Amino acid sequence: MNLKSTKYNYLFQQYKNDVYNYSVFMVGNKFDADDVVQDVLIKTWENIDNFNVLSAKAWMIKTTHNRCIDMLRKRNISMKNESSMDDSFIEESSSEDLNSIISDRITSEQILEKVKSLPHYLRSVFVLYEIQGFKYKEISKSLDIPINSVKVYLLRARKKLQEELKSYELQEAI
């Protein structure tokens with residue numbers, strides 16, 4: 001195995017899940033996320049000698065982000081959540097547990113829908129920080145935006161989600 005293949009295999013193993021998870025949140029479905037991941041991995045192979053392996057995570061997430069934005073622009077439709085109930089899990093539960101499970105699942109799906117409905121610049125920062133566990137500096141480098149913008153976008157995303165979920169809570173109480 002040559003050095004290029006070794007570097008690529010290392011990067012693939014290290015960051016494939018980050019790239020995939022970020023893609024799913026950004027484009028809203030697994031099929032499109034698969035396309036994004038494939039494109040990013042091809043671009044990574046093609047450019048493996050053009051970037052430092054130490055900054056590869058930021059490069060790959062930035063490439064993923066750009067590819068997701070391109071895809072969203074081309075589609076120009078609202079995000080839709082794909083999820084299904086796990087029937088085997090439901091069968092093992094009592095009816096009281098089932099109501100709780102369904103209620104929790106519906107709430108989780110509605111939260112995900114609200115996250116997916118955020119403008120892409122807020123969603124990308126929110127997903128990278130809250131879901132992927134990136135630090136401010138990593139997000140700044142990955143998305144090529146100032147750290148202060150990362151903080152502001154994260155704050156705005158949280159406030160918007162809080163407002164959206166508060167109005168949902170009020171609707172449920174009625």
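These are my notebook entries on what I looked up in this predicted model.

**Ground rules**

I number residues from 1 along each chain as its sequence is written, and my side-chain values use heavy atoms, with hydrogens and water left out. Since the model is predicted, local features need pLDDT of at least 70 and side-chain atom pairs count only at pLDDT 80 or more, while totals for chains, interfaces and linings use all residues.

**Entry 1: the overall layout**

I started with the secondary structure and found 8 helices and 0 strands. Along the sequence the pattern reads α-α-α-α-α-α-α-α. (Helices are DSSP runs of H or I with at least four residues, strands are runs of E with at least two, and both are numbered from the N terminus.)

Next I looked up burial: 33% of the 174 residues count as buried. (Buried means under 20% relative accessible area, exposed over 50%, and partly exposed in between, with a 1.4 Å probe and protein chains only.) The accessible surface comes to about 10900 Å², and 49% of that belongs to carbon and sulfur atoms. (Those areas come from the Shrake-Rupley method with a 1.4 Å probe; for residues, only the protein chains shown count as cover.)

I also checked contacts between residues at least 6 apart in sequence, and 70% of them join residues at least 24 apart. (A contact is heavy atoms within 4.5 Å.)

**Entry 2: aromatic pairs**

How many aromatic pairs are there? I get 4 aromatic pairs. (Rings of Phe, Tyr and Trp, the last by its six-membered ring, pair if their centres lie within 6.5 Å; planes under 30 degrees apart are stacked, over 60 edge-to-face, and the rest tilted.)

I looked at Tyr8 and Trp45: the ring centres are 5.3 Å apart and the planes sit at 90°, so I logged the pair as edge-to-face. Tyr8 is in helix α1 (residues 3-27) and Trp45 in helix α2 (residues 30-47), so this pair ties together parts 37 residues apart in sequence. Tyr8 is buried at 16% relative accessibility, whereas Trp45 is partly exposed at 35%. Ring pairs link Tyr8, Phe12 and Trp45 into a cluster.

The pair of Tyr121 and Tyr153 is edge-to-face too, with 5.0 Å centre to centre and 65° between the planes. Tyr121 belongs to helix α6 (residues 120-131) and Tyr153 to helix α8 (residues 147-173), so here the parts tied together are 32 residues apart. I have Tyr121 as partly exposed at 37% and Tyr153 as partly exposed at 22%.

**Entry 3: lysines over rings**

Trp45 turned up again, with Lys4 over its face at 4.5 Å from the ring centre. (The test is NZ of Lys or CZ of Arg within 6 Å of the ring centre and within 35 degrees of the ring normal.) The charged end of Lys57 sits over the ring of Phe134, 4.3 Å from the centre.

**Entry 4: salt bridges**

I count 6 salt bridges. (That is a side-chain nitrogen of Lys or Arg within 4 Å of a carboxyl oxygen of Asp or Glu.)

Which residue does Asp39 meet in a salt bridge? Its partner is Arg67, at 2.4 Å from N to O. The bridge links α2 with helix α3 (residues 56-75), 28 residues apart. Asp39 is partly exposed at 25%, but Arg67 is buried at 17%.

Lys57, noted above over a ring, also bridges to Glu138 at 3.4 Å, N to O. That joins α3 to α7, 81 residues apart. Lys57 is partly exposed at 23% and Glu138 is partly exposed at 28%.

Lys62 is partly exposed at 29%, while Asp144 is exposed at 57%.

Buried or exposed, where does Ser140 fall? At 13% relative accessibility, Ser140 is buried. This serine sits in helix α7 (residues 136-143), and its side chain reaches the backbone oxygen of Ile145 at 2.5 Å. Leaving out residues up to four places away in sequence, Ser140 touches Ile145, Pro146, Ile147 and Val150.

Last, I went back to α6, where the buried residues include Leu122, Arg123, Val125 and Phe126. Just after α6, Gly133 takes a positive phi of about 80°.

Terms used: A polar contact is a pair of N or O atoms within 3.5 Å; within protein, one must be able to donate a hydrogen and the other to accept it, and residues adjacent in sequence count only if both atoms are side-chain atoms.
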